[in-house]
Amino acid sequence: MHGEYKVPGGKLVVVDFEVVEGAIRGFRLAGDFFLEPDEALDAVNAGIEGMSANADAASYAAAVKLALPTDAVLLGFSAEGVAVAIRRALSAATSWGDYDWQIVHAKAVSPAMHLALDEVLATEIGDGVRGPLLRIWEWDESAVVIGSFQSLKNEVDPEGAAAHGYEVVRRISGGGAMMMEKGAIITYSLYVPASLVGGMSFADSYAFLDSWVLQALQSLGIEASYQPLNDITSPKGKIGGAAQKRLGNGGVLHHVTMSYDMDGDVMTQVLRIGREKLSDKGIASAAKRVDPLRSQTGLSRDEIIERMKETFAGLYGATPGELTDAEYAAAEELVESKFGTEEWLNRVP
């Protein structure tokens, strides 16, 4: 069995082994990481040798830590990274290079259409009728998008939303409410098969799927990093957040919204942002919660998006793609039956 795991912001971890009568045999760790002393590599191999193939990631990580010499130095990876690589091997996980990726940057559509397209495309990935893709969103109006399990009345001020021209919609993924001002945010979705994140915890998969965008932002001079569970941040403040939905047919939706030019005053009038939510961020006002990309780069929104597309294409060989008429039609049906209905919006009053 063969497993690979690129540690977000770090190095590649590779494991090879066989499973004999339920136990790991012939375990070999490799990669472009740094490890001292040399004997530590053999110690890790011996520490995993003979372990059950049914153990969880925490058990593999504990075994690696126990096997390491007390003076061992690990750079670019960790015991947890080795554990993820082992679990990915056992789950027959795939890698980015196993697919022909597409980048779709299509016409502006309504907020409800974006949410419907997310479900349509993630379902197609799970059904195997479309290859994985990155989709950049363009908006034809502003919106507040609340998480699947959020209370509508607790999160949104309806009078404030109406006064500032924000439609309120509910997505299929969890997480918090996002204020999406037309032309002031950058949103993208990844639609991938579950095998790409095989062997990973939800927390691991979030950082793994967004590692490319961190590279794109860093190439623009932003000290971007991932803050578990789902925030993209920098020393100057939060940039954006991710949410994820895994469908029963094996399709995975992962989408991210990053602020380009946030109006903090409007946000406090549209969203019901409580003191408790702000206090755990260590800040005094909502206006300081998100540090816009414009202030950190001086670039236009379009220029930042182009760098993102260039980075993704360079890393994974992605080519430009388009949505089909059938996909738009399926999404329109979902808007009528689900995302545009009061019943869906008020599923958690």
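## Helices H4 and H13

Axes here are lines fitted to C-alpha atoms, for helices over the stretch in contact, and angles run from 0 to 180 degrees between N-to-C directions. The model described in this report is predicted. In it, helix H4 (residues 111-127) packs against helix H13 (residues 325-339) with their axes 8 Å apart and at an angle of about 120°. H4 is therefore oblique to H13, since angles of 65 to 115 degrees count as roughly perpendicular and those over 145 as roughly antiparallel. The crossing of H4 past H13 is right-handed.

On the H4 side, the contact consists of Ala112, Met113, Leu115, Ala116, Leu117, Glu119, Val120, Leu121 and Glu124. On the H13 side, the partners are Glu327, Tyr328, Ala330, Ala331, Glu332, Leu334, Val335, Lys338 and Phe339. By class, the residues in this contact are 13 nonpolar and 5 charged, with no polar ones.

## Helices H1 and H2

Helix H1 (residues 39-48) and H2 have axes that come within 8 Å and cross at roughly 135°. This angle makes H1 oblique to H2. The crossing of H1 and H2 is right-handed.

H1 contributes Ala43, Val44, Gly47 and Ile48 to the contact, and H2 contributes Tyr60, Ala63, Val64 and Ala67. The residues of the contact of H1 with H2 comprise 7 nonpolar and 1 polar, with no charged ones.

## The sheet E1-E2-E3

Strands of a sheet pair through backbone hydrogen bonds, either parallel or antiparallel. In this model, 3 strands make up an open sheet in the order E1-E2-E3, with antiparallel pairing. Strand E1 (2-6) and strand E3 (23-31) are the edge strands, each pairing on one side only. From one strand to the next, the twist averages 20°.

E1 and E2 run antiparallel and are joined by 5 bridges; His2 is opposite Asp16 in E2. These two strands form a hairpin with 5 residues between them, and Gly9 in the turn has a positive phi of about 75°. Strand E2 (residues 12-20) and E3 also run antiparallel, joined by 7 bridges. Val15 stands opposite Leu29 in E3.

## Two buried residues

Leu68 sits in the loop between helix H2 (57-67) and strand E5 (73-75). Its relative accessible area is 16%, so Leu68 is buried, the cut-off being under 20%. Apart from neighbours within four places in sequence, Leu68 is in contact with Leu35, Ala40, Val44 and Leu74. Val44 is also one of the H1 residues in the contact with H2. C-alpha to C-alpha, Leu68 is 38 Å from Gly175, and the two are 107 residues apart in sequence.

Gly160 is in helix H6 (residues 158-163). With a relative accessibility of 10%, Gly160 counts as buried. Gly160 and Thr268 are 108 residues apart in sequence, with 8.9 Å between their C-alpha atoms. Neighbours within four places in sequence aside, Gly160 is in contact with Gln269 and Val270.

## Backbone exceptions

Most residues other than glycine have a negative phi, and most peptide bonds are trans. Glu21, in the loop between E2 and E3, has a positive phi, near 50°. At 83% relative accessibility, Glu21 is exposed. Ala92 is not a glycine either, yet has a positive phi of about 55°. Ala92 is in the loop between helix H3 (79-90) and strand E6 (102-105), and is exposed at 58% relative accessibility.

Cis peptide bonds are found at two places listed here. The bond from Glu36 to Pro37 is cis, with omega near -5°; Pro37 is in the loop between strand E4 (34-36) and H1. The bond from Pro228 to Leu229 is cis as well, with omega near 5°. Leu229 belongs to the loop between strand E12 (225-227) and strand E13 (231-234).

Methods
Residues are numbered from 1 along each chain as its sequence is written. This is a predicted model: local features need pLDDT of at least 70, side-chain atom pairs count only at pLDDT 80 or more; totals for chains, interfaces and linings use all residues. Side-chain values use heavy atoms; hydrogens and water are left out. Helices (H or I, at least four residues) and strands (E, at least two) are DSSP runs, numbered from the N terminus. Angles under 35 degrees count as roughly parallel, over 145 as roughly antiparallel, 65 to 115 as roughly perpendicular and the rest as oblique. A crossing is left-handed if the near helix is turned anticlockwise from the far one by less than a right angle, and right-handed if clockwise. Contact means heavy atoms within 4.5 Å. Ala, Val, Leu, Ile, Met, Phe, Trp, Tyr, Cys and Pro count as nonpolar, Asp, Glu, Lys and Arg as charged, and the others, Gly among them, as polar. Buried means under 20% relative accessible area, exposed over 50%, partly exposed in between (1.4 Å probe, protein chains only). Two strands pair if DSSP finds at least two bridges between them.
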